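User: Please go through the fold and a few local sites of this model, giving cut-offs as you go.

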Amino acid sequence: MAQKIVIIGGGVAGLTAGIYAQKAGFESEIYEKHSVMGGQCTGWKRKGFYIDNCITWMTCGDPKFPIYKMWKEVGFFGDKDGNEIACRQHDAFYTSELNGEKITLWRDLDRAQKEMLELSPQDKKAIKKFFKYVRLCTNLRVPFKAPFDMMNLRELIELGIPMIPVGLAMLKYKTTSLADLAEQFKHPLLKKMFTDYLPKNYLAYIFISAYATLASGGGGVPDGGSSKVIERMEEIYKAKGGKIFTNSPVQKIEIQNEHCPAIILENGQKVSGDFIIPTCDPHFLFEKLLDEKYMPAALKAAYADNVAHELGSTFQVAYEYDGETDEIGRRTFFDCAGYDLAGERRTRLNMKNYNLDPIAAPQGKNLIQVKILQNEKQYLYWENLYKNDKDEYNRQKQKAAADILKLLEERVPSAKGKMKVLDIWTPYTYTRYTNAYRGVYMSFIVTKKSKNLFNIPTTLTGIDNVFLAGQWLCMPGGLPMAMVSGKFAVQRILRSLGKNYRIEP
């Protein structure tokens, strides 16, 4: 009889773990608190519009990258029958505007560099340096065959040699934040551009790598977006014999003599298994399901030091646009008269048109989305409002959305009277639906003060059959880390049993 793996959480890490558990010959079951699978990789319908909450670009999402085989096998770029799923490539990262000027980080690096040099000849040296390192980072690779400590020499060499240029970029910018990078430029618009998209304390090489991913042709979006990805992952998992239980929040993990014999659901049901893979938010895991004493020391220290390990989330509004427009294109950042959000006055705003995605809006309409960065203090603002006065929480959401709409209409006068609020979500929304700590949907912000959190232990001292998975195990998190961690957890189980742990796509 096959040994059984119980998986907590039905997001990308959980579904990937399930797919590879079945492929490796285990029996497996996934328990998800929500009514639908996907966790933070999700999207939803509103009045015929589709709002995608997750996938902005797919790191190395192109057949020329080795990890593409895995993306395809688990459902991002393939279905249960092995058919390939189309990918929509973005033509640009984003556009920044200031004082009547604008600059775009095009996927075409030559075009982007040329336009930046035309904008600011006095920044020639800094511009050429920036694009030199973006080009080096187009060689980015994600380890997926096995965890580093389980790779053989050949695999390490295969991964490492193409990554040498990326390593050079990381070394160059290892103590450079985006705020520092901005200060290397003289032109006010270029200074602003480098702090528009990500928190200014993020290390610059994270930003450079993200831009390089898109520029490499490996940064597109699978057809149908996040929801379709999760549908395909479910189908692949079930086709391999896996079982899914939604509306099944876990209350605790039982421990007996350094062994976890079962999980206990909130309805009192006990589910036994030979191995357990928690893929849920780790703060929730060690606060609610397991004793905090089992938390890896590096993770515990990171949570305790919110200065060195900052957290970030977003406030977002989706608007329906009655008609079609090209005036609102790729994500654009611009100055505005100002608005209040979570107790803070802001004078910078952004807008994005989802017309690249044919399913985003009904025919003859567009979906416009605004995404505003929020820090831990602002998360607590929304959390406290929700817990103490839900009516006021909703009023503040609606007021912010209405104020932002007026500013969008000022920026694009032709949109006046054509836009209506479709949906609003705050950092606390992520906590409500997915137990996300402080509303974070990736991992810790990688700053100059961050300790080494690129390889959090996935086994627990004092428990012999629990193997962690999830994006928090490797900064900066995201879909690649979530996916590979699910596979790695299964491989570690196989190794613990003395079995062959090679699971190739």
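Predicted model: local features only at pLDDT ≥ 70, side-chain atom pairs only at ≥ 80, totals over all residues.

Analyst: Residues are numbered from 1 along each chain as its sequence is written, and side-chain values use heavy atoms, with hydrogens and water left out.

User: What radius of gyration does the protein have, against that of a compact globule?

Analyst: The radius is taken over C-alpha atoms, and the globule rule is 2.2 Å times the number of residues to the power 0.38. For 505 residues a compact globule would come near 23 Å. The protein agrees with this, at 23 Å.

User: What share of the residues of the protein count as buried?

Analyst: Buried means under 20% relative accessible area, exposed over 50%, and partly exposed in between, with a 1.4 Å probe and protein chains only. Of the 505 residues, the share that counts as buried is 58%.

User: Why is helix α11 described as largely enclosed, and which residues are buried there?

Analyst: Helices are DSSP runs of H or I with at least four residues, strands are E runs of at least two, and both are numbered from the N terminus. Helix α11 covers residues 282-289, and six of its eight residues are buried, so the rest of the structure largely encloses it. The cover includes β1, β10, β13, α12 and β19. The buried residues are Pro282, His283, Phe284, Leu285, Phe286 and Leu289.

User: At the start of α11, which side chain reaches the backbone nitrogen of His283?

Analyst: A polar contact is a pair of N or O atoms within 3.5 Å; within protein, one must be able to donate a hydrogen and the other to accept it, and residues adjacent in sequence count only if both atoms are side-chain atoms. Here a side-chain oxygen comes to within 2.9 Å of that nitrogen, and it belongs to Asp281.

User: Is Thr332 buried or exposed, and which backbone oxygen lies 3.0 Å from a polar atom of its side chain?

Analyst: Thr332 lies in strand β15, residues 332-341. Its relative accessible area is 7%, so Thr332 is buried.

User: Leaving aside neighbours within four places in sequence, which residues is Lys192 in contact with?

Analyst: Lys192 sits in helix α8, residues 188-193, and is partly exposed at 31% relative accessible area. Contact means heavy atoms within 4.5 Å. With neighbours within four places left aside, Lys192 is in contact with Leu98 and Arg348.
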